[in-house]
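I open this entry to record what I looked up about the ligand site and the aromatic rings. The notes follow the order in which I checked things.

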Amino acid sequence: MPAVSAMATQDLIPIEAHGRERIGPCALVLRGFALPYVAALLRAVADIEVCSPFRHMVTLGGFAMSVALTNCGALGWTSDRRGYRYSAIDPLSARPWPPMPDVFRELARGAAASAGFEAFQPDACLINRYLPGSRLSLHQDRNERDFDAPIVSVSLGMPATFLFGGAARSDRAAKVPLHHGDVAVWGGADRLRYHGVMPLKDEPHPWLGSQRINFTFRKAG
Ligand code: MD3
Ligand code: FE
């Protein structure tokens, strides 16, 4: 009786199928979906950061973010005291961002399709690197042109507690643990929800050590 044993072992999060957790009307976590891609992702990050190194962007308030960031793809997200925007040029290298590897696109499109977004065509991949203590305060992702496109996020390395809020910053946020290899897909009604990441604990990962790398695939332009 699989339905009964599933109910007995899962209290709060309804399991839709093996490794799929629905956390909102249009938001799914695909547990371990990226595991077959880990080696390729890490190899690509090593190449990307030679051209476009991780850097701590400065927020509108003038503070350096604790998360370090780089991008690949036609567009990359940048921030300075003048504001947040997507740009085809990396302001640090003064050159285009490194191209998005085919394997990134394959992973992002596969995950989006598995969540029902068959037409996803990402043109930007933000790569966030967290060290112990790094956090991301509650925010909305609103710099993209088309809010109908979903966002696909891939987590590698140390675990994190993702905060999944509501339409207003003051809405209570659910806590969602994200582990190495997990992929999350958000679109539709969940696309503009406030979200963030709790300060990372130092729980070193066997391959990546004391870091977490998060990729977010977007249609920005
Ligand atoms: C839910 N990154 O880069 S990814 C970001 O783990 C960002 O590094 C986090 O938030 C990280 O902007 C979370 C998951 C995510 C991304 C975008 C969302 C969840 C989202 C947009 C709307 C709702
Ligand atoms: Fe975000």
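The entries below go from the ligand to its shell and then to the ring pairs.

Entry 1, the model. I note at the start that this is a predicted model.

I looked up where ligand 1 sits, and the space it takes is the largest pocket. I counted 19 residues surrounding ligand 1. The closest are Asn128, Tyr130, Arg191, His195 and Arg212.

The side chain of His195 gives 3.0 Å. I then looked at the area of ligand 1: taken alone it exposes 500 Å², and the protein buries 97% of that.

Entry 4, the shell. Which strands each supply at least two residues of the shell around ligand 1? I listed β9 (124-130), β10 (136-139), β11 (151-157), β12 (160-164), β15 (195-197) and β16 (212-218). β16 gives the most, with four residues. By residue class, I sorted the shell into seven nonpolar, six polar and six charged.

I found a count of six aromatic pairs. Phe162 is in strand β12 and Trp186 in strand β14 (residues 183-186). The two residues are 24 residues apart, and I noted that the pair links distant parts of the chain.

Conventions:
Residues numbered from 1 in each chain as written. Chains lettered and ligands numbered in written order. Predicted model: local features only at pLDDT ≥ 70, side-chain atom pairs only at ≥ 80, totals over all residues. Heavy atoms only, no water. Near = heavy atom within 4 Å. Polar contact = N/O pair within 3.5 Å; in protein donor to acceptor, adjacent residues only side chain to side chain. Areas by Shrake-Rupley, 256 points an atom, 1.4 Å probe, with all protein chains shown as cover. 1 Å grid on protein atoms, 1.4 Å probe; cavity = no way out; pocket = protein on both sides within 12 Å on 5 of 7 lines; lining within 4 Å. Sits in = over half its atoms within 2 Å of the grid points. Nonpolar A, V, L, I, M, F, W, Y, C, P; charged D, E, K, R; others polar. Phe/Tyr/Trp six-rings, centres within 6.5 Å; stacked < 30°, edge-to-face > 60°.
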